[in-house]
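Reader: I would like to go through this structure and ask what stands behind the terms used for it.

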Amino acid sequence: MIKDFVSKKPALFIFNILLSVVSMGSSAIGSVIFAYSFNALNQRNLAKFVQMNFLFFAFSILSDVTTYLFCVYSKKMIQNYNHDLRYHYIQSLIKKLIFLK
């Protein structure tokens, strides 16, 4: 059943996977940049510290936006899947009722 759903809406499925990968990747990159920022602060390099913090905030914003979009579109995908399940279940009940008559 899941294979059928993915084959019906492959773009939404691939979009969700891409959002998830970008979200996790930008979060990981942001953490690494934050470590470099902290090292620059320990070395008393204020210019590099400020630059790394801007990069950290940019990746944090990217991570937050893609996480939000992933949540929204994954809920849409789950909702569509539930609608398909209900439709097929109702169709099977109707076929059984027609067959019993």
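Reader: Which residue just after H2 takes a positive phi?

Author: Arg44 does, with a phi of about 60°. The model is a predicted one, in which local features need pLDDT of at least 70, side-chain atom pairs count only at pLDDT 80 or more, and totals for chains, interfaces and linings use all residues. Residues are numbered from 1 along each chain as its sequence is written, and side-chain values use heavy atoms, with hydrogens and water left out.

Reader: What makes the phi of Arg44 worth a remark?

Author: The value near 60° is positive, and Arg44 is a residue other than glycine. Most residues other than glycine have a negative phi. Arg44 is placed in the loop between H2 and H3.

Reader: Why is Arg44 called exposed?

Author: Relative accessible area over 50% counts as exposed, under 20% as buried, and in between as partly exposed, with a 1.4 Å probe and protein chains only. Arg44 has 77% relative accessibility, so Arg44 counts as exposed.

Reader: How do you know how H2 and H3 are directed relative to each other?

Author: They pack at an angle of about 160°, with their axes 7 Å apart. Axes are lines fitted to C-alpha atoms, for helices over the stretch in contact, and angles run from 0 to 180 degrees between N-to-C directions. Angles over 145 degrees count as roughly antiparallel, under 35 as roughly parallel, 65 to 115 as roughly perpendicular and the rest as oblique. H2 and H3 are therefore roughly antiparallel.

Reader: Which classes of residue make up the contact of H2 with H3?

Author: There are 21 nonpolar, 13 polar and 1 charged residues in that contact. Ala, Val, Leu, Ile, Met, Phe, Trp, Tyr, Cys and Pro count as nonpolar, Asp, Glu, Lys and Arg as charged, and the others, Gly among them, as polar.

Reader: How do you know that the span of H2 agrees with its residue count?

Author: The expected span is 1.5 Å times one less than the number of residues. For the 33 residues of H2 that gives 48 Å, and its end C-alpha atoms are 48 Å apart, which agrees. H3, with 55 residues, reaches 80 Å, close to the 81 Å expected.

Reader: Where do the buried residues of H2 pack?

Author: They pack against H3. Among them are Leu12, Asn16, Ser26 and Gly30.

Reader: Why is Ser26 called buried?

Author: Ser26 has 3% relative accessibility and therefore counts as buried. Contact means heavy atoms within 4.5 Å. Leaving aside neighbours within four places in sequence, Ser26 is in contact with Phe59, Leu62, Ser63 and Thr66.

Reader: Is Gly30 buried or exposed?

Author: Gly30 is buried, at a relative accessible area of 2%. With the neighbours within four places in sequence left aside, Gly30 is in contact with Phe56 and Phe59.

Reader: Why is Tyr36 called partly exposed?

Author: Its relative accessible area is 46%, so Tyr36 is partly exposed. Tyr36 is found in helix H2, and its C-alpha atom is separated by 8.1 Å from that of Phe49, 13 residues apart along the chain.

How values were computed:
Helices (H or I, at least four residues) and strands (E, at least two) are DSSP runs, numbered from the N terminus.
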